[in-house]
Amino acid sequence: MSFAIPGLDNANEFYSQHYLDDILERDLKPLFDKWKEQGNNSPLAKVRSASGTNSYFRARDRFLAEKKRSERQALFIDLVQPLLEAIGYGLSPQDLPLVEGELPVLAVYRDARQQPLLVIAAAVADPADDEAGPLQLCPSQPGKHGSEDWEEIISRRLFADDHPPRWVLLVHHDEWLLIERSKWSRKALLRFNLPELFGPRDDRALRAFAALAGAASVLPAEGGAALLDTLDDSSHKHAFEVSTDLKYALRECIELIGNEAIRYKREVAKEKVFDRNDTDLAEQLSRECLRYMYRLLFLLYIEARPELGYAPINAPAYLKGYSVEHLRELERTPLTTPEAQDGFYFHDSLKQLFDLIWQGYPRRDAHAGQIDLQADAVLETGFAIAPLQGHLFDPAQTKLLGSVRLRNRVLQRVIELMSLSRSGKGNRRGRISYATLGINQLGAVYEALLSFRGFFAEEELYEVRPDPKGKKAASADGDEDADDIDDAGLDAPSAADKKKDAVLDPLDAAYFVPASQIHLYTDAERLFGGEPRRYPKGTFIYRLAGRAREKSASYYTPEVLTQCLVEHALKEILPGKSADEILQLTVCEPAMGSAAFLNEAVNQLAEAYLQAKQKELRQSIPHEQYAEEKQRVKMYIADSNVFGVDLNPVAVELAEVSLWLNAIFKGSHVPWFGLQLYSGNSLVGARRDVFSTAQLSPGKGDGGQPERDWRCAVPRALKLVDTPASTDIFHFLLPAEGMGMVCDKVVKALEPKAVDDFKLWRKTFCAPLSRDEVTRVQTLAAAVEQLWQQHAAELARVRAGTSDQLHVWPDPAANHAPTSTAQKDAIFQREMLSEAQKKRQPLPPPEAGNGFLVRAMVLAAGPGCRAAQPRALVVCARDSAAGQCQPGQPTGYRSVCRNPATARAGLHPGARPPRPRRPGRADGGAAAAASGQHGGTTTAFHALGAGVCRPVQGARRF
């Protein structure tokens, strides 16, 4: 039974709307059963009596008919007192003492410490203000207009008091508002429209009013919790359960779409290449299926929130002809004919919708700047859509899926899975409301699949599992133990055992074996509910493989933890900062996943800014505008101040969508994260930390003394705006004990002699530096700093060219994006990746010798530069063959000298360097150490030819 009731407004998500619509009725059932037992003494019976035509409506008519302000106060008491008493409250008019004077109220309920818990206040309208809402009225006596309305009083005086109440019940002749202090910052409240609730004389509406506004629900029972607290906890729990359902749905959807795409390629396009186990194809298909589902999620979310102004869901032409919502209405429609099953209505509808979102309606140039949605005229169709030209809807991101057509039978199932919750444990399938699923819950849905991998069955496969009863697999010879298992009755389980054994969690690690080996497994290991799970050759499978989740550490952080950690982190930073200073704070998440921490930081920083700004200006944002103004601030922070890194490139795409959804507001602004979110390894260790040259040449007896030996010292942090001294050496230019470590037992067993030789080499690798080597590394450090500052200037220039003009409260100006996402991408690729630069010939091959290369990733930032950007640098740090390498020259510069010895150094001493070029690939050298990745660049330490200053094998730039 739905709890959606006319007259009950869940403003700004006081509760999850899905919870309110589908679950609250069930949670309130014990209370309703208790009222049945009470009969005429129950709150429901009393409300039924007090809300009738001869009670509430007659008193309301008398109040509105009275034009004398002096008489309205008494008539107002006659109006609200019977209703208050019906739901368990008594009137006790008094002046509540506050820090800023006294406030006249109707009643005050206190907690065990005698502090205010609930305040009942009267919003009495003057004859000229009958149409005004309760928050816009003043708490003064009739005929005397105060300077502050109830919204300002609640925000600045009542909830800001030294002993603020938790609850406020603001009563009015038409609307009653239930406000909780912890939710008021986002202006969330329960609004009861009395004429709409009482007019139809519907017991469900009366029960809702009595249950949610009554004293038995708001005030805690002796020694227990208030009912509304229990409902609040249940609301959060239900949001988690729905997000769990969507995890299963999303995984199945990806498999459905992937297999349907391959079917089309095989049967319609007749492309035989899809019959083989193509890992690159499987990876591409997995990525594109995820993007396809990202798009569906985005549209489901914005259509469920018409107040965001993105999707014109209120326009009948859009709703009935283009929206995902109209497809959801067909989710359970039987497809009874082959034409209906194999048609493409769902596919064509979604394709047209994706094109509308990408190109806008009417269609615009893909390279035009972003346009404010409100500037579009409503055409004859009744709606207009501004283009949302972010990466998500770019057709180039789904080339494979763009070349196929998906049948109705598949996409109807996809829509159904994303629309309805799972059934089970006696629960019916409920319709999922995306309007109230938080960004954290949606992020958890997709982050659960970050460790999943798509692959094709190279041959016929069967799924197996560990014996649910702990039985060991039969031996490969099929010995007598297997017969014993059969004799024990394992192959003839009971109905209950079958049902239990049939349970398979598709989100758990999956194990598959070829059909040729399935006989090696017992029935307990290969049967699920008595049936095997077979995957024909060529099937696309999307599952969690082995220990992939443990290896990638892809675990979602619960919302309660992100809220707590961010809150306590900001408590150390925010005190003493002005609103404008809060707006300039930057946040970096080194392992961002779906951006759960970044989104929480955006939320709390936006809230902190608005609260601080209102106090500074002594102004209050109107209740109906607060949510929109907060979204504007969130967009500013997300688009300018948040940065993140993750090893998984899919996580970067997820983070972009998550941050975008979290910051959506009216208009068509699309944030661009090209300089903010990267795929790479944030633990690579190339920091702006330095050692002194005095620590580089420890003598006998100096070992182990940090002031003399850098190998046991901690480098000194150098601020981004500080210039290093001539004696400062960046830590990543020096050998370290942890470099090139080979401690894997498997490697030692395979190549024992190579490992022993490598250990001998490492002894010289970490030896103290000679005087010449110290001079050389000083030159290298100067070259690094020069490149660092150059890159900072380049980054600042690109940042300026790709930044949008964003405005926040109290500035009412509309946001403006001078460049589109495509133009920003082009600037980034041209300026930062040098992708438009003319390719050059590779450097000469290395010569034999003894030395080492350091390819350092430098995070560069300078004044006026908001972000840090990885830059590849390959330098020669140590060389025993003098004259073969001009020290300190980065191979990003191509030599114009014809001398091959100096040309290998990367730059002739007298040559003027051109713009940095994109490093190529080295064609020789044996890697002597492990490597990591940060932002698409490989950091490695190699034992190569003497004096070879050139890019490392396999290295690639951003």
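## Charges over rings

In this predicted model, the charged end of R533 lies over the ring of F528, at 5.1 Å from the ring centre. A second case involves R405, whose charged end is placed over the ring of F344, 4.0 Å from its centre.

## Nonpolar cores

In soluble globular proteins, nonpolar side chains tend to be buried together. Here the largest nonpolar core contains 112 residues. Y292, M293, F298 and Y446 are the residues with the most contacts inside this core. The element that gives the most to the core is helix α12, which spans residues 279–303 and supplies 15 residues.

With its neighbours within four places in sequence left aside, Y292 touches I257, L350, F354, L401, L406 and L411. Another core, of 55 residues, lies apart from the largest one. F32, F76, L118 and A215 are among the residues of this other core.

## Aromatic pairs

A pair of aromatic rings is described by the distance of the centres and the angle of the planes. The count of aromatic pairs in the model comes to 25. One of them joins Y89 and Y109 in an edge-to-face arrangement, with 5.8 Å from centre to centre and 65° between the planes. Y89 belongs to the loop between α5 (69–86) and β2 (94–98), while Y109 belongs to strand β4 (residues 107–110), so the pair ties together parts that are 20 residues apart in sequence.

The two partners can also be described by their accessibility. Y89 has a relative accessibility of 3% and counts as buried, because buried means under 20%. Y109 has a relative accessible area of 22% and is therefore partly exposed.

Aromatic residues also occur as a group: Y56, F57, W176, F192, F198 and F209 make up one aromatic cluster.

Strands of a sheet pair through backbone hydrogen bonds, either parallel or antiparallel.

Terms used: Residues numbered from 1 in each chain as written. Predicted model: local features only at pLDDT ≥ 70, side-chain atom pairs only at ≥ 80, totals over all residues. Heavy atoms only, no water. Core = buried A, V, L, I, M, F, W, Y, C linked by side-chain atoms within 4.5 Å. Buried < 20%, exposed > 50% of the residue type's maximum accessible area, 1.4 Å probe, protein only. Helix = DSSP H or I, 4+ residues; strand = E, 2+ residues; numbered from the N terminus. Contact = heavy atoms within 4.5 Å. Phe/Tyr/Trp six-rings, centres within 6.5 Å; stacked < 30°, edge-to-face > 60°. Lys NZ or Arg CZ within 6 Å of the ring centre and 35° of its normal.
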